[in-house]
Amino acid sequence: MEPVLTLTDLETWSFSGTALAVLGHPIKHSISPPMHNAALEEMEQTDSRFKDWRYFRFDIPPVELSAALPRLHAAGFEGLNLTVPHKVLAFDQIENVDAAVRPIGAVNTLKRTPTGWHGFNTDGYGLATAVAEDLGIELADTPIILLGAGGAARGAAVECLTQRCASLHISNRTASNRDALLADLAPISNGIPITGFAPAQPPRDLPANALVINATSAGLKPEDPLPIDLNQLPLPRGVFDMIYNPAETKLLAVAKSLGLPVSNGLGMLIHQGVRSLEIWSEASVPVAAMHTAVTSA
Ligand code: NDP
C-alpha cells in the first residue's frame with residue numbers, strides 16, 4: 001500500500017515518473033491507490049508509455065487545498081482524484097471545468113494543462129455503468145427516486161437527467177439542501193418531471209417500478225438511520241446504494257427482504273476510476289485488474 005503523504009512531502013518531491021494521486025481528508029482508507037496501480041502495472045506490460053506511472057495518496061485538510069493544487073502542478077503531477085471533502089471545494093479553485101460538470105458543482109478528476117487543472121466528474125459515468133452492469137437497468141426512461149442532496153447526489157441527478165430518466169424524485173434529510181439542488185436542476189430538466197419530498201413523508205403519487213439510489217452517507221455506520229422506509233414507497237424495480245463498505249447496508253438488507261434486486265457502490269467506485277484513468281492516460285484501461293485489486297483491498 002502507498003504511504004500516506006502530506007503537503008510537506010512535496011518540498012522534497014523527487015519522483016521522476018508520471019505521478020497521479022488522490023487527495024482527501026481522511027485518506028488512509030482509500031482503495032483508489034491499489035486500484036489504479038494494479039491497472040497501471042498491467043498497462044505497462046503492453047505499452048511502454050506507462051512505465052513509471054504511479055498513483056499516490058495525500059492527506060490534505062480542506063484549508064490546505066488551495067496551496068496543494070498549485071504545488072502538485074508545479075511538482076509535475078499529471079492527474080488528481082479528489083474525494084471527501086474536496087469535490088465541491090476544488091470546483092472554484094481550478095482553471096476550467098468540463099461543460100458537463102458545471103451543473104454538478106463538484107469535480108472528482110483533475111487533468112493537468114500547461115497552466116493549471118481541468119476538472120471532470122466521473123461519478124455519474126460510474127453510477128450509470130454500475131447500475132446497468134449490476135442491476136441490468138438503464139437510467140434512460142426509468143423513474144428515479146434519489147436519496148440525498150450532497151456532492152454524490154448532485155452527480156447522480158445530472159447523470160439521470162443527461163440520460164433522460166423518466167422522472168426524478170429527490171428526498172433529503174435537510175430540506176434546504178434538497179431545495180437548493182432542485183433549483184440547480186430546474187434549468188437542465190429539459191421537460192423531465194423533477195420533484196422533492198421529505199424522507200419521512202413520501203408522497204402517494206411516487207411512481208412504481210422506480211430505481212432507488214441511495215446517495216446519502218446514512219449506512220456508513222451501523223447506528224445510522226435508514227435513509228428511507230422502502231415499505232412506504234410503491235414497489236421499486238431495484239435499489240442501488242453508493243456505499244460499498246459495509247457491503248450490505250441496512251437499506252440493502254431491507255430491499256433484499258422485499259425480494260428486490262440490489263447493488264452496493266463497489267461497481268460505481270471501479271467505473272468512476274476507470275473513466276478517470278482513461279482521461280489521464282488517453283488509453284483503454286484494464287477494468288478486470290481494477291476489479292480484482294478493489295475486491296482484495
Ligand atoms: P456529502 O457529505 O456531500 O453528502 C451527504 C449526504 O448524506 C447529504 O445529502 C446528507 O443530508 C446525507 N446524510 C448524511 N448523514 C445522514 C443521516 N444520518 N441520515 C440521512 N441523511 C444523511 O457526501 P457525498 O455526497 O460525497 O457522499 C455520499 C455517499 O456516497 C457517501 O456514503 C459516499 O461514500 C458515497 N459515494 C460513493 C461513491 C462510489 O464510487 N461508490 C462515489 C461518491 C460517493 P443533509 O443534506 O441532510 O446533510
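How far does a backbone N or O atom of Leu-269 lie from an oxygen atom of the ligand? The distance is 3.3 Å. This is a predicted model, in which local features need pLDDT of at least 70 and side-chain atom pairs count only at pLDDT 80 or more, while totals for chains, interfaces and linings use all residues. Residues are numbered from 1 along each chain as its sequence is written, and side-chain values use heavy atoms, with hydrogens and water left out.

Taken alone, the ligand exposes 920 Å², of which the protein buries 77% (Shrake-Rupley method, 1.4 Å probe). The ligand is surrounded by 23 residues, and Ala-152, Asn-172, Arg-173, Thr-174 and Asn-177 are the closest (a residue is near if one of its heavy atoms lies within 4 Å). This shell divides into 11 nonpolar, 9 polar and 3 charged residues (Ala, Val, Leu, Ile, Met, Phe, Trp, Tyr, Cys and Pro count as nonpolar, Asp, Glu, Lys and Arg as charged, and the others, Gly among them, as polar). H5 and H8 each supply at least two residues of the shell (helices are DSSP runs of at least four residues, H or I, and strands, E, of at least two, numbered from the N terminus).

H5 gives the most, with 4 residues. The lining has 15 residues, and those nearest the pocket's centre are Ala-100, Asn-121, Thr-122, Tyr-125 and Glu-159.

A cis peptide bond, with omega about 5°, joins Val-84 and Pro-85; Pro-85 is found in the loop between strand E4 (79–82) and helix H3 (86–89). Another cis peptide bond joins Asn-245 and Pro-246, with omega about 10°, and Pro-246 lies between strand E12 (238–241) and helix H7 (250–257).

Asp-52, in the loop between helix H1 (32–46) and strand E3 (53–59), has a positive phi near 70°. Asp-52 counts as partly exposed because its relative accessibility is 44% (buried is under 20%, exposed over 50%, partly exposed in between; 1.4 Å probe, protein chains only). Arg-164 has a positive phi of about 60° although it is not a glycine, and Arg-164 is partly exposed at 41%.

Key:
1 Å grid on protein atoms, 1.4 Å probe; cavity = no way out; pocket = protein on both sides within 12 Å on 5 of 7 lines; lining within 4 Å. Polar contact = N/O pair within 3.5 Å; in protein donor to acceptor, adjacent residues only side chain to side chain.
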